[in-house]
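Look at the sequence and the model below before reading on.

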Amino acid sequence: MSNKRRLWQIFGPVICAVVLLVCVLLFPWDRTYSANSIFEAATSQGDRIFKGQRMKQEAFSSNYVPFYGSSELSRMDPLHPSVLAYKYKRNYTPFLLGGPGSQSLAQYFGMQGTKSELTNKKAVVIISPQWFTKHGQNKQAFSLYYSNLQAIDFLLDAKDSIATRYAARRLLQMPSGKSTETIKYALMTIASGQKLSKEQRLWLKLRRRVLINEDTFFSTFQLPDRINHIKNQAKLLPDNYSVSGLTKVANAQGKKHTTNNKFAIDNTFFKTRLNLKELKKLKGSQAKFDYVKSVEYSDFELMLKQFASQHTNVLFIIPPINDKWANYTGLNKDMYQKSVAKIKYQLVKQGFYNIADLSKDGRKEYFMQDTIHLGWNGWIAVDKYVKPFMQTKDVPIDYHIDNYFFTRYWQNKTKVKKINESTNSEKGGLSSLKEK
């Protein structure tokens, strides 16, 4: 046997396997997901779904509407938006995007793969003023929601602007953004206002193809299944939609689940998270909290810039905090309202008029499920805005983005004019949107 033949017998299968693997990874595979799989993904809040793009693209091309938020989306009681949409067979289904620690920066990079699918469509954003701490996005939490696919989508589509430079610099401040040398140097290139080289773009395109294939086949693997939970929660609701009927359910559920504490907090949450020792440590612990000065305002501007470029019609929901809990921890309510005013100013000044400001409702009965998250009657209040918003016609929206909101001056500004809600109502937002 010749040496060539012997070498081929040894290395031939390996070479063939490598060639086959490369072909599999680089071939543009496609996949159609079942309706049940999409619904499962939409309600799962799965990290892989958030990090990927293929499932979101298919969902947003149909009747799914993204609900961007954080941990409040996990509080899935009978009045949750996903349950209401399922029970009353609405013409939209919420696609829940976010979880504990997902703030504006994580949401912005998570939006990178769905630009065309959300052009001239709708979206809902639940803004937590608690995001607006001095340093904004927690770096460890960011890594839970980040993927290289998001970064590569951003890099390949980036056009030099103040927004793209800011986004690149912020991603470089996260450990995740420096996880590969190629992406790190590509981000540094964009952050400096330069164009990517041909070699950089070629590598990024090849890498994106591999990551898209991985996302296509593996994003739905072992998703949390909440479908049965949603169906069971829906059974608790009246057959015909009415606010009074829903309120009866909310009050009954709230009364049933808040019996072991004086804060009107869900029993399970209080028992597992707020034992006697923990309670003593938390008394007065939030007295010096400040949500008015924060880099988060500029991170939030990235989301607004993205929505504006897509002409996406957005409903923004600003939740309150549990009033009894705020009194216990010493949170400054005037400070909280200043942060709310600053958020609303940033929105309205750029043409985002659909705002549901619930920030003063924290003392209402069974409005909050725990310390900072919406619950029973809170979700009904949200639905009074969501329902009519979803019924309005999708029309192209023209916004006027102002780069001022990327500046440190804005991040640290403490005195902001309050928005005139009556004026805003005339423009089609706020009170004019709310269903009575």
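What follows covers the cavities and then a helix.

This is a predicted model, in which local features need pLDDT of at least 70, side-chain atom pairs count only at pLDDT 80 or more, and totals for chains, interfaces and linings use all residues. Residues are numbered from 1 along each chain as its sequence is written, and side-chain values use heavy atoms, with hydrogens and water left out.

A cavity is a set of points on a 1 Å grid over the protein atoms alone where a 1.4 Å probe fits but cannot get out; its lining residues have an atom within 4 Å of a point. The structure holds 2 cavities of 30 Å³ or more, a volume being the space filled by probe spheres set on the points, which are joined across faces, edges and corners.

The largest cavity has a volume of about 40 Å³. Its lining includes Asp-47, Phe-50, Leu-97 and Tyr-145. Helix α3 (47–51) and strand β2 (93–97) each supply at least two lining residues, and α3 gives the largest share, 3 residues. Helices (H or I, at least four residues) and strands (E, at least two) are DSSP runs, numbered from the N terminus.

The second largest cavity, of about 30 Å³, has Lys-51, Phe-109, Leu-149 and Asp-153 among its lining residues. Two or more residues come from each of α6 (104–110) and α8 (148–157), and α8 gives the most, with 3 residues.

Helix α11 (residues 198–218) has 21 residues and should span 30 Å at 1.5 Å a residue, which agrees with its end C-alpha atoms being 30 Å apart; the expected span is 1.5 Å times one less than the number of residues.

How values were computed
1 Å grid on protein atoms, 1.4 Å probe; cavity = no way out; pocket = protein on both sides within 12 Å on 5 of 7 lines; lining within 4 Å.
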